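This report is meant for someone meeting the structure for the first time. Please keep the sequence and the three-dimensional view at hand while reading.

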Amino acid sequence: MSATDDAILDELIIESKEHLEKIEPNLLALEKEGGMVSSEIINTIFRAIHSIKGGFGFYGLKNIQALSHAMESVLMQVRDGKLAITPTMTDALLAGVDKLRLMLDDAKASETCSIEADCNRLLQLLQDGALPAPPVVEKNAQESPDAVSVDRFGLTAEQICDRIRNGQHLYHLSILCPADLGGRNRNGAQLLTSLAEIGDIIAADPPQADIAALTGEEEQPATLTILYATVLDQDFLAKTMGLADGQCVTASIAAHGKKAQEVPAGQPQESGEATAALRKPKKQEKVETIRVKVSLLNNLMALAGELVLGRNQMKQALNRKISSALSSTASLKRFEAGLVNSRKVLHSSLQSDPRLKDENKKNDRLLASVDRELGQILNNFRYSLGFNLIDMPGISGLMQNVDLVTSKLQNTIMNTRMQPIDAVFSKFPRIIRDMAKKLGKEIQLTVEGSDVELDKSVIETLGDPLTHLIRNCADHGIETPEVRIAAGKTSFGKIFLRAHHEAGLVNIDIIDDGAGLDVERIVEKAISTGCITREEAAMLTEQEAMALILTPGLSTAKVVSDVSGRGVGMDVVRTNIEKLGGEVVIDSTPGKGTRINLKLPLTLAIIPSLIISTGGRTFAVPQVNMEELVRIRAQDIDAKIEEIQNNPVLRLRNKLLPLIRLDETLGMERTFVDSKGVRRPDLRQGIIDRRGSSTDSDDENPTETEKEMQDRRQLPPRRERSSNALNILVLKVGTDRYGLIVERLFDNEEIVVKPLSSYFSNCHFYCGTTIMGDGRVAMILDAAGIAEAARLRFTDAIKKEGALQADRFQREAMRESQSLLLFRNGTGELFAVNLAMVARIEKIHTSSIRQIGSLEYITHEDSSMRILRLHHFLPVQEPTATPETFYVIIPKLVSDPMGIVADKIVDIIATSEEINRKTIRGTGIIGSLLLAEGLIVVLNIYSLFEAADPDRAKAEIAHVNLRGLRVLLAEDTGFFRTVIHNYLESVGYEVTVANDGLEAWEMLGQGEYDLLVTDIVMPGLDGIELTERVRDAAAFSHMPVIALTSLMGESDRARIMAAGVDAYETKLDREHLLQTIGEVMAARPDRHLPPAGGR
Amino acid sequence: MEKQFTTFYIDEMHCGIDILLVKEINRQLEISEVAGAPVFIRGLLNLRGQIITVIDISVRLGFAARKPTPRSRCIVLKTTAELAQLPQSAEIEEETTSEMVGLFVDRIGDMITVDDREIQAPPANFGNIDSRYLSGVIQREADLLVILKIGEALSC
């Protein structure tokens, strides 16, 4: 086969593939319509299959031809109403389409492909469904009674029918010789060729061989009659062939009586529907398109990229020029000043020189000429500079223009690579149909936004992951009709596939109304496969838990089906999408459905990146990988960075972030730029290793004077100067984060990505190269590759230990947050209340106190509030004087609070000191603290109030008749432990304290308790895990558990409740806690109540 | 048949490659080094918007890396696609690579025309160079010209 033939074949294959694309949705539509056969759809399918058959028949590729012929035969029967459309038929036809597609992929090898099964399946349909049906175009014959006979060709209607393809019109041509041949500069053979190009010659009189022999210059006039089939309209055909209207007549075949007839021109010979179907596609073809080789587009893209680069370089050069011009202006001024000065000196020296006195005149002339010369020099200088400057404004304008056009050009070229996402979406109706059948489900797929355009390369990569997601939806998401109906849903599941633009990205949503993700099972599976530990699982948010499905090796399908659920796939989806610079977000509501959102960039060729440098080399980091930038000042490095197993980690918002040094990872020598701007090797071992500045200054400048040395000593150590701050890029790899330490940060730039040379195939830390504005080549960093190269494993010890550390840190933070409000009460004594218990502080004038009996009241928020003077209830000094105005501290977290009188508010301090409970004891006092401010008495507001109002305590105890309730309190923070202990004891409970979860767990096994009150955040075993253990253990499974927490978000709440606690309460809210305990105990009447201590 | 060679020096060794393989010789040597790259990669060069991988051919042949001097040059080779565009009459036995590659050399020598019969098989173990990378040697009055099998030396 020659090269031209090959080219034509290639073209044919492309065309045929396009036809196949059209056939599939139409077949599906046909199936949907069922009995209501729309001839429009059938005709479209028919034409497509027919062109494939014809084209490949020409090339002698018999397999393709035979298969398409078989399909065509079936379709013909359907069109003629001889066969009904059945699912079996659609299956067979779709299988045929698949096989054709397969053969087209390698057309030349198609002959070796076995098509027998497919053909037989189709022929079987013909045999099974064949009914004695009315002949093809009976209708036409009736409609055109005066059709012209075509008997002269000696063909039966069947023979003619056989040769006319669907959608073709049959014409009767009368061509005059020589007028229509020689008169139009063609001979017989040429006429036949041009006819054959646009249709089929069914029969001719005289025979074709004779026509071919005609030169077109014959003297003898003759009429050539040709029975001709073509899809062209009559008018168009006549015009194309250069025939008059009358010469081209529509012919019609009368089936009965085996004769064919002609009808006068212009009358439709087919049903109106069919004709309409024929014309319709023509309108759609109006959009002018041209096939362009992708390689050509790629070249264009590359060139545009270079143009952008050139523009950037030009801009930089221009900026340099402008700044140099500006500095020239400054130097011009200096130069001018210098000249004026020299002139002055010259004048004065000339005049003062006694030897020259007599020659004043001469001197004047000399001076004048010097002045002139100087003036000239100045002018020349000004001119040359001015020349520089004058040219600038114009250039700036031009530059802007070039800038604009370049950007537009680039965008336009980029658009040429854009393809509608339909290329991917159009596959799905078929996939869904097949799967629904196989799985016995009913699924309705709605597709929206298939006209959204994406870069060709993105679309190509998108196909597989998207297919996987859709299959997942159908397989795992949508339930069987029975299950759906049982759940009160429609029997058919809905899958909604939508593409739309948002914030410069293309968003693709895959939404189903199926069963949703079983988060628990995912987490369970992740734990059992060792992806995460139970501790980690407890810390996951719902989002994070769902994202687990994207990790390798997780498949939650109960049955591994042949459709999906082989445990590979979702991670591949994520990898593929992330390779495209995209993102996968999963959201699911159990029972309601799942929504998967993909965010994709429009193109891969140009990406926004941050430019950074390390060790004097420039790198680009794609923005998609970037989470944030962190700069740590030199003096904070020690505090914020620590080492776990020799790996540096950064504490960032209470999470530990593993750190990687870029230079180390890339195997570069570690360097730093010293104070003199010289790059020197860095000798430090770790990030937090600080060597004294003396070691590296030894050889730096041995001739330094003593004074300089002193100056240096007065400077802060070198590593603490601002230039030694750490720049950390927080990069994300999937759901993991790590910090990359780099030397310098530059601008954000749109960079043109160039592929990496194959020599770098082993350098996984790069994903491409680019050319910077200065013309230098820079590498584009690959976040995942760097993490891999640095052997960063996110699930290993670092993460676990990190979680523990974070927990410890949180506890420390909590301890630090034990802020105390210090105040005095008119004496030297210092008192403190926990700030967490203070609602507000009011300034009160003595006159506003109202006395009722021995009690004092003030008006607070429109109601009266009793106020307490400490010396009335506590063993403390009485104030010596009564000031005019004083403060009232109003506590919160107590019902009917009373105000505490203070004459001076001293300070608010944060302390982590343990409260000493021994030295100072008594009602209303927790203990004492010895701090810089002095000895502080820490008040227990609850017992203070009880002391002030004994009835109140009694009322409470009466309310909760649970005296002697054995409570186990697990709380790791000393302050809370003491406070909660105190107020539980104050109502008569027997309280045992455990310092953390593990201790509590051990104590549970040793003693008998009626109630567990536990803190949530504890080291080792936290409250949730403790509760889970309690619930899992047969001995305690019925033990009531109340969780105490200081911080409470919605997600925490859900987690806490999920663990199986009976109730949760805010720490320090005594009233509520006691009430809750009462309620919880009351709700468990089966519990054997403790021996009632009285009532 | 006569053949033309572009010659160059690596550590005073006179080497040659078929002139038809050479696209251009470049003296702009602002090569960006790439950390973590194989040792024989000198770096990347921006040649009018095209990124070229510059190979330190000396390292590839088993010598020390070259130090840049004012006479250092980069010999940019044609890609396989560019070679395919040459007329059929040009008989090229060598292969290059599908991407743009440059050779970093100490300096450029003369263009030398020899009859291909003058090319001798390389002696085994010639100058400690891996014989895979040698195509032959040409005995000349002044010195010995080593013809490199450049395609082999460039394959990764």
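## The model and its two-chain contact

The structure is a predicted model, and every value below was computed from it. The contact between the chains draws 21 residues from chain A and 24 residues from chain B. The size of an interface is often given as the accessible area lost when the parts come together. Between chain A and chain B that buried area is about 1,800 Å², and carbon and sulfur atoms account for 61% of it.

On the side of chain A, A:Tyr759, A:Phe760 and A:Val777 together supply 42% of the area that this chain buries against chain B, which is more than any other three residues. Between chain A and chain B the count is 1 salt bridge; B:Glu33 forms a salt bridge with A:Arg617, and their closest N and O atoms are 2.8 Å apart.

## Helices α16 and α17 of chain A

Two packed helices are described by the angle between their axes and the distance between the axes. In chain A, helix α16 (residues 428–439) packs on helix α17 (residues 456–477) at an angle of about 30°, and their axes lie 10 Å apart. Because angles under 35 degrees count as roughly parallel, α16(A) is described as roughly parallel to α17(A). The two helices cross in a right-handed sense.

From α16(A), the residues A:Phe428, A:Ile431, A:Ile432, A:Met435 and A:Leu439 meet A:Leu466, A:Thr467, A:Ile470, A:Arg471, A:Ala474 and A:Asp475 of α17(A).

## Helices α33 and α34 of chain A

Further along chain A, helix α33 (residues 997–1006) and helix α34 (residues 1023–1032) pack at an angle of about 20°, with 9 Å between their axes. That angle makes α33(A) roughly parallel to α34(A), and the crossing of α33(A) and α34(A) is right-handed.

In this pair, α33(A) contributes A:Gly997, A:Leu998, A:Ala1000, A:Trp1001 and A:Leu1004 to the contact, while α34(A) contributes A:Leu1026, A:Arg1029 and A:Val1030. The residues of the contact of α33(A) with α34(A) comprise 6 nonpolar, 1 polar and 1 charged.

## Helices α32 and α36 of chain A

Helix α32 (residues 974–986) of chain A packs with helix α36 (residues 1070–1082) of chain A at an angle of about 55°, their axes being 11 Å apart. The angle makes α32(A) oblique to α36(A), and α32(A) passes α36(A) in a right-handed crossing.

Here the contact is formed by A:Ile980, A:Tyr983, A:Leu984 and A:Ser986 on α32(A), and by A:Arg1070, A:Leu1073, A:Leu1074 and A:Ile1077 on α36(A). These residues of the contact of α32(A) with α36(A) divide into 6 nonpolar, 1 polar and 1 charged.

## Salt bridges

Over all chains, the count comes to 35 salt bridges. One joins the side chains of A:Asp434 and A:Arg430, with 3.0 Å from N to O. Both A:Asp434 and A:Arg430 lie in helix α16 of chain A, where they are 4 residues apart, about one turn of the helix.

Note on methods: Residues are numbered from 1 along each chain as its sequence is written. Chains are lettered from A and ligands numbered from 1 in the order in which they are written. This is a predicted model: local features need pLDDT of at least 70, side-chain atom pairs count only at pLDDT 80 or more; totals for chains, interfaces and linings use all residues. Side-chain values use heavy atoms; hydrogens and water are left out. Axes are lines fitted to C-alpha atoms, for helices over the stretch in contact, and angles run from 0 to 180 degrees between N-to-C directions. Angles under 35 degrees count as roughly parallel, over 145 as roughly antiparallel, 65 to 115 as roughly perpendicular and the rest as oblique. A crossing is left-handed if the near helix is turned anticlockwise from the far one by less than a right angle, and right-handed if clockwise. Contact means heavy atoms within 4.5 Å. Ala, Val, Leu, Ile, Met, Phe, Trp, Tyr, Cys and Pro count as nonpolar, Asp, Glu, Lys and Arg as charged, and the others, Gly among them, as polar. Buried area is the accessible area (1.4 Å probe) that two parts lose on being put together, summed over both. A salt bridge is a side-chain nitrogen of Lys or Arg within 4 Å of a carboxyl oxygen of Asp or Glu.
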